[in-house]
Amino acid sequence: MSPPPLEIHDLTVAYHKKPVLWGVDLVVPPGKLVGIVGPNGAGKSTLIKAAMGLLPVSSGWVKVFGEPVAKNLRRVGYVPQRESVDWDFPVSVMDVVLMGRYGKLGLLKRPTKADHDKARECLDKVKMLPYANRQISNLSGGQQQRVFLARALAQESDLYFMDEPFSGVDAATESAIIALLHELRAAGKTLLVVHHDLPTARNYFDMLLLLNMRVVAFGPTEEVFNYETLQKTYGGRLTILSEVAEAVRVKG
Amino acid sequence: MNSRTNRTTVRLLYLLSSLLYLLFTTPAHAARIGDLSETSLWDQALRFLTFQDPSVRYALLGSMLLGISCGLLGSFLVVRKMALVGDALSHAVLPGVALGFLWNMSKDPVAIFIGATLAGLLGTAVVNLLKQTTPLKEDTALGLVLASFFAVGICLVTMIQRLPTGNKSGIDKFLFGQAAAIGAADVQLMAVVTGLVVVVIALFYKEFLVTSFDAGFARAVGLPVQAFHYGLMLLLAFAVVIALQAVGVVLVSAMLITPAAAAYLLTDRMHRMLLLAAVFGMAAGALGAFLSFLGNNLPTGPFMVLAATAVFAAAFLFGPRHGIVARWWRQRSRAARIQRENTLKAIYHVLEARNFQGEGVSFSELAERRRETEEEIQVQAAALARHELATLPGEADALFLTPAGWQTACAIVRNHRLWELYLTHTAQIAPDHVHEDAEKIEHVLGEDMVRELERRLNYATKDPHGKVIPGVPVMLETKPEATPGYGRSA
């Protein structure tokens, strides 16, 4: 049996000593489209960043396809939040998508013609090829998101982490993105997508991870999307946990 | 091994004792700026431009080298929004310069280079420490470090000048820069550092690009983002230090920021920005060295910075995309186009009012329609004629539309009426509210948008006020001699 795309064991993450994620255990089976939902401050972005090793963790470990994540980063693709970069940066759409090839290229190597072809192919998939030589400023929110998706596609990974790819996009882009995600899943990729909108979460994803500083529920959408778990995720019963977190910060 | 440690100990003791000595000496006179005797402006220019004097060659070469390295590294500071870091770093190196000087009481470039680099890195480390251990934000930490390190530096420099040998030291040149003080050894060091900067940026261009643009993504593809950040800081410290002698501590950050900022206004690709910034930095360096030489070795730094600022001002004023002249010109031509289109629309309305009978439209009809004087109409008619949208046959005080003019008039009226219809139908806005909006939108609707509107409105033919929405006649390649009835009747 091949190792799962993502295995997280007892992961705890803290910012300035204040824990924001407690003891997360997670095993994601291959070929699934997984939505990560939860209220603001639930640690959704933190979870995927920590899973990729972008944040220091207090305890626990993360394995990607059976290896520590740092060793297997080439099999991981990433779509950061759109707001995390400066869209006035002097680069073209093509330059950004080519960045998806950098991980495979390694140090000191320039993108080859094959990399340019791949980048063009990915831009075409998100219908942004006509914009390839434009500077990234003046793109609409939906277009910016498509560029980030094209960059992730260019990574040719097996496991994808996407941080709110649907935020601030128009309806056409939203349905184009979801079609693309389904296409990736059909190709055997595993996708973890941070999502903000509960009503659509039910329709978009195979599995849901309900998160509020810890894993409230994880399983097939039809099993976990019910009143009780949502109440647990979004309801007020977690005040104790956040109070303790605050106490840890003050006294720790 | 042993003798080397001994020598180091001796030097440390020497350094310490000179510091102690400094604390208890009486003030002497500060060094005068400008060591050379007075000569005429013309003689100085000639001396500079013939390059016969080796000190001129060193000054020019050194100034150009520092311009290149500052321009390249400054570009990364600008796109990373770290301009203040350059400022803090450049001020933080001053104590290191003074200590490097005290090491063996001479302007040994290597000792000063090492001292200044260490001080710069210490400053950066303190900024990081403050950021990580306190709730203070980066700008405050930078301000603190900048001021405190600079204060220490000024104290040390002043004390060195009070030493018996101090007032001949030229250490004061490090404050405002003196290109003429650059010697052969300095130029060698500058060449090495600039070469290093160029090679490192060329080799790791894609890594610097992705870590600057999207550090999170860069880490997710496995790049050592921190290492590149510190590498950049180290190169920056090097560049600042080699620039010190010619530009001076106070203004060196301007050589980092100004050429890069000018380049940023002129291009939207990183590699072109790097190239432009390097060229601008080099030009500013050469010009600054020349001007300071003309003025009998005035401080070089201010002249260099002024030269760079002139380049920036030119980019700001005359840049093709962001330049204010270009922007003003674009606004003007847009306003002129809208004026022309409004005149054409008025002509259409006049023709429509008489059921498209007759061809010419007299100025008085138009003046009445637009509620303007005939003189104003004449100006507008002349503008239409210049753009071949209408002809003005002789003294007739009337104008005749060309096919192109007729086409544009139809397009504008169509845009106006389509938009009114769209607002009333789809957006459910009352018909008497839509005119003002359509007056603006009619000038900006593109062909694609018009097709989309027509499709959504089921190719309607009447606007909300019951007026016909004109089709746009196909433009003929060869102009017909006359356009009877404008090819369409109501």
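Residues are numbered from 1 along each chain as its sequence is written, and chains are lettered from A, and ligands numbered from 1, in the order in which they are written. Because the model is predicted, local features need pLDDT of at least 70 and side-chain atom pairs count only at pLDDT 80 or more, while totals for chains, interfaces and linings use all residues.

**Chain A as a whole**

Select chain A and colour it by secondary structure. The chain has 10 helices and 10 strands; helices (H or I, at least four residues) and strands (E, at least two) are DSSP runs, numbered from the N terminus. Along the principal axes, its C-alpha atoms fill a box of roughly 55 × 45 × 40 Å. Of the 252 residues, 44% count as buried. A residue is buried if 20 or more other C-beta atoms lie within 10 Å of its own, exposed if 12 or fewer, and partly exposed in between, with C-beta atoms placed from the backbone.

Go to A:N138, in the loop between α4 (113–125) and α5 (141–154) of chain A. Its phi is near 70 degrees, a positive value in a residue other than glycine. A:N138 counts as exposed because it has 11 C-beta neighbours inside 10 Å.

Next select A:E164, in the loop between β7 (159–163) and α6 (171–186) of chain A. Here phi is near 50 degrees, again positive in a residue other than glycine. Is A:E164 buried or exposed? A:E164 counts as buried, because 21 C-beta neighbours lie inside 10 Å.

Then show β9 (residues 207–211) and β10 (residues 215–220) of chain A, which pair in the antiparallel sense over 5 bridges; two strands pair if DSSP finds at least two bridges between them. A:L208 has A:G219 in β10(A) as its bridge partner. The two strands form a hairpin with 3 residues between them, and A:M213 in the turn has a positive phi of about 70 degrees.

**Where chain A meets chain B**

Show both chains. The contact takes 18 residues from chain A and 19 residues from chain B, where two residues are in contact if their C-beta atoms, placed from the backbone, lie within 7 Å. On the side of chain A, β6 (76–79) and α3 (102–105) each supply at least two residues.

**The nonpolar cores**

The largest nonpolar core has 186 residues, of which A:V97, B:V93, B:A243 and B:L244 touch the most other members. Such a core is a set of buried Ala, Val, Leu, Ile, Met, Phe, Trp, Tyr and Cys residues joined through C-beta atoms within 7 Å. Helix α3 (residues 54–79) of chain B gives the most to this core, with 15 residues. A second, separate core of 22 residues includes B:I347, B:Y348, B:A398 and B:W406.

Select B:G183, in the loop between α8 (173–176) and α9 (184–203) of chain B. B:G183 is partly exposed, with 17 other C-beta atoms within 10 Å.

Finally, colour chain B by domain: domain 1 (60–318) and domain 2 (330–487), with bounds from an automatic or database domain assignment. Their C-alpha centres lie 59 Å apart.
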